[in-house]
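Hi everyone, thanks for coming. I'd like to walk you through a structure that may be new to you.

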Amino acid sequence: MRYWQSFGIAAIVACSLWTASMAEANDAYDLGNVQVVGADARSTRFGGDPEEISLKMGQKQEMRPEMPADPMALPGLPDIKKANSAVDNASMLKTMNVGYSRGTKNYEEMHFSGVGESSGYKGTLSLSKEHRDGFRSYVNDEKNNTRIDLQDVGAGAGSYELDGFGTVGTNRFGQRGTNAIPTPDAGIKDSYHTVELAGRSTLADGAHFTLRGGVDSTDRNVENSSVLFTEDSTLVSSFLEGDYRTTLRPQLTGHAQLSFRHDSDSIKNGKDSGLTKRFLAMTAEHEISGKTFFEFGFRNISLMDKSLTSPQLKLEYRPGPWQAIVSHEQDLGNDHLKDIYLRSRYVESANLSASLRRRTSGRINYRSNEDFTIGAELFRETEDNAAEFTDCYVAGKGMWATRIGFAERARRSGLTLNGSARLDQNFTVTLKSTIQDAKDDATGRKLAYEPGKELDVSLAYAQGPLRVEVTRKEMADRKAYVPTEVDASDYSRADLTLKYNFKKSVTAYLDIQDLYDEAKSELWDVPEQGRYSKAGLEMNF
């Protein structure tokens, strides 16, 4: 009932604003990035927090269809222009940011970042350190992270950019178990290293080329001192992908994508596993009229023991501020070992195989000025051999574990609504809601942890130096398997963030998570810590 009350209020507000805004509609233009509260209604600063609201906790990460980041971008190739190095040489800018906060559960956090620019080069160094007492666990939550970002480091002739970043850190968190079977001595520690580079260029003929590559390595240690259990593993993922766009002739744009990914997971004194995915797509977009566009082409994909060649189709119509899209595509899934194994829960190794996904959708978007956007999507997705996660207690390891199973004929179909509206000069509301039927047609049972109803709402207020944001997340109609079917219960939580700028260089902030102390268990019978708060100061130099 709480879900429908929240959804009804948000829908009434959105519909009334929509009606009022249609009279002011201008010509079509880029819908831009619609803010979605999405997968996590909380701050993500403590990224490895096992209570973090995330689809990586025993759920399928691809569960819900996402609205495209730029759904009404008009055709055309981006032209990247490198900054004038003469001006850059004359303008060197350095900034620093330092912050410190304390909170309940003995929480303490410190962070520092520094930015320097010169001669077309921009570098950012970020350092952070966090600590919090474990909840129902003797293992404390700790995170240390160092990251370096470089931008605009290209040199020489041509119009291009080259960006990159590297990060190294550790993340430690407990595995507290369920109410019935607590496991306070169990915990996980991840040590990670990541390097990525991305280059973009606009060629002399107007074609646009993008190339990205990177390597990500994580050493994971899982241990439970109460039963002398320990397991060490190393997961390495490397990828290289390229994207090329060019105008083939008037009203016809060509697009080629090529990517290669290799993942390997090595368990000490255990079984090694790995996968390689190759992806090639060749498409063309034909501008039938000034408002109608048709994209057609094919995909060729190989993953593990499967290969696929399939059509890729999209029809798009853009009358004024409206946009309508019908699309169909296919892909091979179960293709990221990091998403499968490196969750905030211990996942046992399993023999993996590729899944086959087919997705068809129809989407309508509308935008009025900069103050109102709304979108709706009807979707149907089938996935043969979809990965599914069940929970069980492993006595020999003295802890709860997630085991990987496969749904023979998974199906997800439903409706997604999302949008954003500025209520007045100070208030902005954003929402996203999904209603879906997610089940395995081979058995008729619901897919594990995939909610039939989900709602994310955010209300932001800005007045002078004050910033306030309230977010709410609700999930309903969920099932879990432990391994027998159980009711995963509804989940709801609200968070509050306050910020106040005393001066341009000093900001005070207060974070209250689970404001009403109502969040019980996102995972079946795994207790959450309840209301939690922190406050701090941040200074800019």
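**A quick tour of the chain**

So, the chain has 3 helices and 25 strands; these are DSSP runs numbered from the N terminus, with H or I over at least four residues for helices and E over at least two for strands. Keep in mind that this is a predicted model, where local features need pLDDT of at least 70 and side-chain atom pairs count only at pLDDT 80 or more, while totals for chains, interfaces and linings use all residues. Residues are numbered from 1 along each chain as its sequence is written, and side-chain values use heavy atoms, leaving out hydrogens and water.

How much of the chain is buried? Of its 541 residues, 47% are; buried means under 20% relative accessible area, exposed over 50%, and partly exposed in between, with a 1.4 Å probe and protein chains only.

Okay, salt bridges. The structure holds 39 of them, each being a side-chain nitrogen of Lys or Arg within 4 Å of a carboxyl oxygen of Asp or Glu.

Take E377 and R363: their closest N and O atoms are 3.2 Å apart. That pair links distant parts of the chain, with E377 in strand 15 and R363 in strand 14. Both residues are buried, and both belong to a network of salt bridges that also includes K277 and E450.

Strand 15 also holds E388, whose partner R445 sits in strand 18, 57 residues apart. E388 counts as buried because its relative accessibility is 6%, whereas R445, at 30%, is partly exposed.
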